[in-house]
Amino acid sequence: MVIVDNRKAFHDFFIEEKLEAGIVLEGWEVKSIRAGRVQIKEAYVIHKDGDFYLFGCHISPLLNASSHVLPDVVRTRKLLLKQSEIDKLAIKVDRSGYTVVPVNMHLKNGFIKLEIGLAKGKKQHDKRQTEKDREWVREKARIVRDATKQG
């Protein structure tokens, strides 16, 4: 069950490979995410001290949250990956000029998972070409639909 998608990632990057990672969360964050109060549009993944961290993810606290917890809505959250996955991603990020972006956040067997993508940045002309291709697919569907109605 997808909780939130990052459509901006597909607009700004070519996603070449996807991985699923767990996230270290606090209790109030889990409740807020399950309620859909999370935003990953401006978030990105950084590599620091041999681990990957989710940076810039905004999780809004619920109004009925406990009063003794002081929520930090944009704190840096550690991603849980296998060591082989960390090593493979670290090499590509450090040497090959790739970046790691969050693609979506979803529930899997009761756990909140983050799908991350190994990505290369798009240039402006690539973004325009993607938009033209999307418009052409819509136009083809419209032509087929109109032809079906007439005949």
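Analyst: Two strands pair if DSSP finds at least two bridges between them. Helices (H or I, at least four residues) and strands (E, at least two) are DSSP runs, numbered from the N terminus. Pro102 stands opposite Ile116 in E9. The model is a predicted one, in which local features need pLDDT of at least 70 and side-chain atom pairs count only at pLDDT 80 or more, whereas totals for chains, interfaces and linings use all residues. Residues are numbered from 1 along each chain as its sequence is written, and side-chain values use heavy atoms, with hydrogens and water left out.

User: How many bridges join E8 to E9, and in which direction do the two strands run?

Analyst: Nine bridges join them, and the strands run antiparallel. They form a hairpin with two residues between them, and Asn109 in the turn has a positive phi of about 55 degrees. E8 also runs antiparallel to strand E1 (residues 2-5), to which three bridges join it. In that pairing, Val2 stands opposite His106 in E8.

User: Is His106 buried or exposed?

Analyst: The cut-offs apply to relative accessible area: buried means under 20%, exposed over 50%, and partly exposed in between (1.4 Å probe, protein chains only). His106 has a relative accessible area of 11% and is therefore buried. Its strand, E8, is mostly covered, with eight of its ten residues buried.

User: With which side chain does the side chain of His106 make a polar contact?

Analyst: A polar contact is a pair of N or O atoms within 3.5 Å; within protein, one must be able to donate a hydrogen and the other to accept it, and residues adjacent in sequence count only if both atoms are side-chain atoms. The partner is the side chain of Glu20, at 2.6 Å. For contact in general, the criterion is heavy atoms within 4.5 Å. Not counting residues up to four places away in sequence, His106 touches several residues, among them Met1, Ile3, Phe111 and Glu115.

User: Where does Phe52 lie, and which residues does it touch?

Analyst: Phe52 lies in strand E5 and, at 1% relative accessibility, counts as buried. Leaving aside its neighbours within four places in sequence, its contacts include Val45, Leu79, Ile86, Leu89, Ala90 and Val100. The C-alpha atoms of Phe52 and Leu89, 37 residues apart along the chain, are separated by 9.2 Å.

User: Which residues touch the most other members of the largest nonpolar core?

Analyst: In soluble globular proteins, nonpolar side chains tend to be buried together. A nonpolar core is a set of buried Ala, Val, Leu, Ile, Met, Phe, Trp, Tyr and Cys residues joined through side-chain atoms within 4.5 Å. Of the 27 residues in the largest one, they are Val38, Phe52, Cys57, Leu79, Leu89, Met105 and Ile116. The elements that give two or more residues to this core are E2, helix H2 (27-34), E5, H3, E8 and E9. Its largest share, four residues, comes from E9.
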